[in-house]
Amino acid sequence: MTIAWNDSVPIYRQLRERVVAMILDGALNEGDPLPSVRQVAADFQINPLTVSKAYQELVDDQLVEKRRGLGMFVTDGAREALLKSERERFLREEWPALYARLQRLGLDLKTLLREAPDSTEKQR
């Protein structure tokens, strides 16, 4: 896990979002263990309490479960729950501003798909 910290967002939130991204990307699957708090703290030279806070948010959101004496594990259904909540958040928070910008720039779906960075791969 390589992370460049953003000074405008608390580190525990950035760490939480990185774990969420790993679940969505399939790097962490249901039942997989998360790295230990101590290991993450040592790897990124951050306070173990910061890692614990990030992990606790994941537990609170029922994306990760604590197994006494074993560690933290991705829960069953975590990816599906994340897909649903992240899609809803995108449509509610990010899409309106993005759509407005596309309108101002005169861009449509056809143009966007043609100009997409991986569109040359799809056309081959």
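A residue is partly exposed when its relative accessible area falls between the buried limit, under 20%, and the exposed limit, over 50%. Trp-5 has 27% relative accessibility, so Trp-5 counts as partly exposed. The model is predicted.

The whole structure holds 3 aromatic pairs. One of them joins Trp-5 and Phe-44: the ring centres are 6.0 Å apart and the planes meet at 80°, so the pair is edge-to-face. The cut-off for that label is an angle over 60 degrees. The pair links distant parts of the chain, 39 residues apart. Trp-5 sits in the segment before helix H1 (11-25), and Phe-44 belongs to helix H2 (residues 37-44). Is Phe-44 buried or exposed? Phe-44 has a relative accessible area of 16%, so Phe-44 is buried.

A pair of aromatic rings is described by two values, the distance of the centres and the angle of the planes. For Trp-95 and Tyr-99, the centres are 5.5 Å apart and the planes stand at 45°, so the pair is tilted. Both residues lie in helix H4 (residues 78-105). They are 4 residues apart there, so about one helical turn separates them.

Trp-95 is partly exposed at 33% relative accessibility. Tyr-99 is partly exposed too, at 41%. Which residues make the nonpolar surface patch of about 460 Å²? Phe-90, Leu-91, Trp-95, Leu-98 and Tyr-99 make that patch.

## Charges over rings

Lys-53 lies over the face of Tyr-12. The distance to the ring centre is 4.3 Å.

Arg-67 provides another case: its charged end sits over the ring of Phe-73. Here the distance to the centre is 4.0 Å.

Strand S1 covers residues 64-67, and strand S2 covers residues 71-74. They pair in the antiparallel sense over 4 bridges. Arg-67 has Gly-71 in S2 as its bridge partner. The two strands form a hairpin with 3 residues between them. In the turn, Gly-69 has a positive phi of about 80°.

Arg-67 also forms a salt bridge with Glu-65. The closest N and O atoms are 2.9 Å apart. Arg-67 has a relative accessible area of 32%, so Arg-67 is partly exposed. Glu-65 is partly exposed as well, with a relative accessible area of 32%.

## Salt bridges elsewhere

The whole structure contains 10 salt bridges. Arg-89 takes part in salt bridges with Glu-86 and with Glu-94. For Glu-86 and Arg-89, the N to O distance is 3.1 Å. For Arg-89 and Glu-94, the closest N and O atoms are 2.8 Å apart. Glu-86 and Arg-89 are 3 residues apart in helix H4, so about one helical turn separates them. Arg-89 is partly exposed at 26% relative accessibility. Glu-94 is also partly exposed, at 36%.

Which residues are linked in a network of salt bridges? The network links Arg-13, Arg-16, Glu-17, Glu-57 and Asp-61.

## Positive phi in two loops

Most residues other than glycine have a negative phi. Gln-45 is not a glycine, yet its phi is positive, about 55°. Where does Gln-45 lie? Gln-45 lies in the loop between H2 and helix H3 (48-60). Gln-45 has a relative accessible area of 75%, so Gln-45 is exposed.

Gln-62 has a positive phi near 60° and is likewise a residue other than glycine. Gln-62 is placed in the loop between H3 and S1. At 64% relative accessibility, Gln-62 counts as exposed. The cut-off for that label is over 50%.

Definitions and conventions. Residues numbered from 1 in each chain as written. Predicted model: local features only at pLDDT ≥ 70, side-chain atom pairs only at ≥ 80, totals over all residues. Heavy atoms only, no water. Phe/Tyr/Trp six-rings, centres within 6.5 Å; stacked < 30°, edge-to-face > 60°. Buried < 20%, exposed > 50% of the residue type's maximum accessible area, 1.4 Å probe, protein only. Lys NZ or Arg CZ within 6 Å of the ring centre and 35° of its normal. Patch = residues over 30% accessible without salt bridge, like charges linked within 9 Å, V, L, I, M, F, W, Y side chains within 5 Å. Areas by Shrake-Rupley, 256 points an atom, 1.4 Å probe, with all protein chains shown as cover. Salt bridge = Lys/Arg side-chain N within 4 Å of Asp/Glu carboxyl O. Pairing = 2+ DSSP bridges.
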